[in-house]
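Keep the structure open beside you as you read.

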Amino acid sequence: LQKIYNHYDDVLGDNRIRTIVTEFEKQREAEFLSMNAQRSELNPENKLNNIKDVDFYYNKTFPLCMYLIQKHINENAHLMHLGRLQYSLFLKGAGMPLDEALNFFKTKYERRTNAAAFEKQYAYNIRHTYGQEGKRHDYEPYSCRKIMSLNNPSSSECHGCPFKTYDDDRLKQIIINLGIKDVDVAKILEKKRNNEFPLACLRFYEARYPGADYEKVGIHPNKFLESAMKAVRKQTEGKSKTSNQGKK
């Protein structure tokens, strides 16, 4: 391989070969995008299409950071700016269309904010997140690294990475309430104390979905969500097959 790498630029110096390689790369990229589109159509359950999906999945498949934000919205009917930005980008990355995102926040906020006030104070920012206002930039969902770089939340805020910002006692109680066993709680807290926050998130995933496959857990919250949804669906299908076999 090293010999190939050493001559790579020399080979591509020939315009005829460069043209062939470029066309091949374009074709491969097109096939990859097509394959992903087909996969998305075949697996709509990997998306959060509306408020009902969020309410159903959040305590089953969400990474801890997003679970806590959703829990905060349910209890307080409000999110401060950074929390709202972190969460709206997460929902966007999970496949929620703009109109459903607006309906989601409007519905969750309605205990404290009427429709006119919501449109005036919050709707613009959500549309901006989706690239429909201002410079119309298509913002990407925050990675775990980006989330961990946010300022620590105040007592009225809910954003950032809880493995980084929560103290041991508070974090321990939250994950115990989610059904994590003591032995796994110890593994999670060990990584937190060593400032290995992505690994703490990975241990959390492994504890919630034993033996399940995963991709980029601890690197991106949307990847956590996708992996967890697949794990839960597989568990559900397994239980369904077992139940059907028992009836025969």
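Predicted model: local features only at pLDDT ≥ 70, side-chain atom pairs only at ≥ 80, totals over all residues.

## A rule for helix pairs

## Where H11 meets H12

Start with H11 (residues 182-193) and H12 (residues 197-208). Their axes come within 7 Å and cross at roughly 170°. H11 and H12 are therefore roughly antiparallel to each other. Their crossing is left-handed.

Which residues of H11 and H12 make the contact? From H11 come Asp184, Lys187, Ile188, Lys191 and Lys192, while H12 brings Phe197, Leu199, Ala200, Arg203, Phe204 and Ala207. Sorted by class, the contact of H11 with H12 has six nonpolar and five charged residues, with no polar ones.

## Where H10 meets H11

H11 also pairs with H10, which spans residues 168-177. The axes of H10 and H11 come within 11 Å and cross at roughly 145°. The crossing of this pair is right-handed.

On the H10 side, the contact is made by Asp168, Leu171, Lys172, Ile175 and Ile176. On the H11 side you will find Val185, Ile188, Leu189, Lys192 and Arg193. Six residues of this contact are nonpolar and four are charged, and none is polar.

Now look for a cavity. The structure holds one cavity of 30 Å³ or more, and about 140 Å³ of space lies in the largest cavity. Its lining has 17 residues, and those nearest the centre are Cys65, Cys144, Cys161, Phe163 and Cys201.

Which elements give two or more residues to the lining of the largest cavity? They are H4, H8 (144-149), H9, H12 and H13 (221-247). How does the lining of the largest cavity divide by class? It has 14 nonpolar and three polar residues, and no charged ones.

Of its 23 lining residues, Leu68, Cys158, Tyr166, Arg170 and Ile174 are the closest to the centre.

At least two lining residues of this pocket come from each of H4 (64-76), H9 (162-165) and H10 (168-177). H4 gives the most, with eight residues.

Key:
Residues numbered from 1 in each chain as written. Heavy atoms only, no water. 1 Å grid on protein atoms, 1.4 Å probe; cavity = no way out; pocket = protein on both sides within 12 Å on 5 of 7 lines; lining within 4 Å. Helix = DSSP H or I, 4+ residues; strand = E, 2+ residues; numbered from the N terminus. Axes fitted to C-alpha atoms, helices over the stretch in contact; angles between N-to-C directions. Left-handed = near helix turned anticlockwise from the far one by under 90°. Contact = heavy atoms within 4.5 Å. Nonpolar A, V, L, I, M, F, W, Y, C, P; charged D, E, K, R; others polar. Parallel < 35°, antiparallel > 145°, perpendicular 65-115°, else oblique. Points joined across faces, edges and corners; volume = space filled by probe spheres on them.
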